[in-house]
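Subject: Structure handover

Hello,

Please find the structure below, followed by notes on what was found in it.

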Amino acid sequence: MAQVITGEEADGRSYVRRAMVELAKLGLAETNGKDGKHQIWNLTTAGQKALADGNALPPRPKAGTGAKAVRAGFGPHAVAVTDTILAYTDTVLRGRREYLTDWQVEANHAIKETGLSFNTDAVLAVPTKTSEVRLFELDNGTMSQARLAKEVWDYERYAGHRVWEGARGTIGGTYPFWQRHRYTRSTTFPRLHVVLAGKAEHLLDNRLQALTAAVQGITIAVWANTLPSLQRGEPWYEIGVDDPHRRRSRYPEAVGR
């Protein structure tokens with residue numbers, strides 16, 4: 001059966017394609033293979049540097065989003081991430097794409113001292129009074145429920161990590177690692193959006209319920225939805241609430257002082 005593309009979907013994909021073509025003209029982006037009819041784009045070294053110099057999102061590390069990843073079978077995941085971004089801008093942002101000032105895929109979050117390291121599928125720069133970005137984790141029906149829950153809990157571990165202020169041996173306090181070294185224009189840890197795709201809707205609903213139970217008590221803001229529901233503009237499920245005070249008690253000590 002041929003895929004039916006609505007006018008809004010076509011406009012959204014055309015918008016992204018035009019934007020990437022303009023970046024390519026400036027030497028900031030390039031195509032890196034295709035998945036079906038859809039081109040895969042990534043930033044060039046110059047594009048990563050321009051992004052970093054502009055104090056926006058940190059440069060994207062090497063990640064499995066190019067032609068090699070497509071040949072390895074990760075193309076459907078990359079397309080699902082694109083569909084998620086388009087659905088989010090069309091429904092949550094009501095098509096006002098000027099609110100989306102930047103985006104980045106496969107953004108690495110790492111804390112060297114603890115060995116914690118994970119990639120976020122997409123980071124969208126949608127500045128508000130309290131947060132500069134929104135984080136997106138997409139499961140295209142390939143992860144076990146336990147692994148998906150672990151990835152969500154990794155965000156709390158990242159948010160809870162604190163480091164000392166001042167030189168070693170001096171009296172001082174600690175501050176959240178993310179607030180000083182990653183999202184410096186945010187006063188609250190960015191909300192995590194978990195999107196489920198790749199299976200029949202009743203199975204996605206079951207996975208959403210299982211995830212809700214698995215992350216009960218988490219101390220970061222987590223919203224979850226299925227991709228079909230998001231594309232229809234239906235509400236998100238709030239399965240985690242930001243609670244910095246309870247998070248502080250859960251991760252009280254900074255490592256390496």
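A polar contact here is a pair of N or O atoms within 3.5 Å; within protein, one must be able to donate a hydrogen and the other to accept it, and residues adjacent in sequence count only if both atoms are side-chain atoms. This is a predicted model, in which local features need pLDDT of at least 70 and side-chain atom pairs count only at pLDDT 80 or more, while totals for chains, interfaces and linings use all residues. Residues are numbered from 1 along each chain as its sequence is written, and side-chain values use heavy atoms, with hydrogens and water left out.

His109

A polar atom of the His109 side chain lies 3.4 Å from the backbone oxygen of Ala107. The His109 side chain also makes a polar contact with the side chain of Thr120, at 3.0 Å. His109 is in strand β3, residues 102-111 (helices, H or I with at least four residues, and strands, E with at least two, are DSSP runs numbered from the N terminus). His109 counts as buried because its relative accessibility is 1% (buried is under 20% relative accessible area, exposed over 50%, partly exposed in between, with a 1.4 Å probe and protein chains only). Beyond its neighbours within four places in sequence, His109 is in contact (heavy atoms within 4.5 Å) with residues including Phe118, Thr120 and Tyr158.

Aromatic pairs

The whole structure holds 7 aromatic pairs. Rings of Phe, Tyr and Trp (its six-membered ring) pair if their centres lie within 6.5 Å; planes under 30 degrees apart count as stacked, over 60 as edge-to-face and the rest as tilted. Phe118 and Tyr158 form an edge-to-face pair, 5.9 Å centre to centre with 80° between the planes. Phe118 lies in strand β4 (residues 116-125) and Tyr158 in helix α4 (residues 145-160), so this pair ties together parts 40 residues apart in sequence. Both Phe118 and Tyr158 are buried. Tyr158 also pairs edge-to-face with Phe177, at 5.9 Å centre to centre and 90° between the planes. Phe177 is in helix α5 (residues 177-181), 19 residues from Tyr158. Ring pairs link Phe118, Tyr155, Tyr158, Phe177, Trp178 and Phe189 into a cluster.

Glu106

Glu106, also in strand β3, has a phi near 50°, a positive value in a residue other than glycine. Most residues other than glycine have a negative phi. At 13% relative accessibility, Glu106 counts as buried.

Regards
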